[in-house]
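Have a go at each task before you read its solution.

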Amino acid sequence: MAELLRTTINGTYMEVMVDPKQRLADFLRNDLMLTGTKIGCRKGECGACTVIMDGRAVTSCLVSVMRAMDADIWTIEGLGNGMDLHPLQKAFIEKGAVQCGFCTPGMIMSAKALWDGNPSPSKEEIREALSGNICRCTGYVKIEEAVSSATADLRKGGHV
C-alpha cells in the first residue's frame, strides 16, 4: 500500500505517493529519474549511492524512503546551476579524477557534505570524508587532489 512522502529534493518540495518498502536510492533513480545516484553493492559499503540528507552524507541504499519524510535531500543533479558545474565537479574533470565515472557522484556528494560542515578541510579530513566511497579505477590520489584543488579555489574566493 502506497504512503504519502513529503520531502525536499534538490531544493524542490514534493508530496508523492511511494512504496514504503523501497529504499531511497531506488526512489530517486526509478521514481524521480535522478540516475546520478548509482546503485553498487546495496549494502552501504561502496558509497556509489551517497546523497546528502539533512546535511550529512548517507548511503541511500540503506535508507528507507519513509526516512526521507520532511528531509532536505541533495543529489548530484542538484549541484551546479544549469550549465555551470559546481567547483567540485570542475575539479574532478580538471584533475582527471574521473575514469569510468561510476563512483564520481557519490565521491562528490561526500566531499560536498564535508565542505558544508567544514569549508577548509585538511587532507586528512578529506581522506576521512571519502573513506566510505570505493573507486576501482583511479585509486584515490587524483580524487583527493581534486577535492584539495577545489578547496584551495574556495579559499581564494570561490563558492561552495
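**Exercise 1: the hairpin**

Task: find the hairpin made by β1 and β2 and look at its turn.

Solution: Start at the turn: two residues sit between β1 and β2, and N10 there has a positive phi of about 50°. This is a predicted model, where local features need pLDDT of at least 70, side-chain atom pairs count only at pLDDT 80 or more, and totals for chains, interfaces and linings use all residues. Numbering runs from 1 along each chain as its sequence is written, and side-chain values use heavy atoms, with hydrogens and water left out. Next, follow the strands (DSSP E runs of at least two residues): β1 (residues 3–9) and β2 (residues 12–18) run antiparallel, joined by seven bridges. Pairing takes at least two DSSP bridges. Finally, spot I9 opposite T12 in β2.

**Exercise 2: a loop residue**

Task: work out what M66 is in contact with, leaving aside neighbours within four places in sequence.

Solution: First place M66 in the loop between β4 (56–59) and β5 (72–74). Then list its partners (heavy atoms within 4.5 Å): E3, L4, V18 and P20.

**Exercise 3: two helices**

Task: describe how α3 and α5 cross.

Solution: Helices are DSSP H or I runs of at least four residues. The axes, lines fitted to C-alpha atoms over the stretch in contact, come within 11 Å for α3 (residues 104–117) and α5 (residues 141–155), crossing at roughly 35°. Angles run from 0 to 180 degrees between N-to-C directions. Now pick out the contact residues: M107, A111 and W115 of α3, with I143, V147, A150, T151 and L154 of α5.
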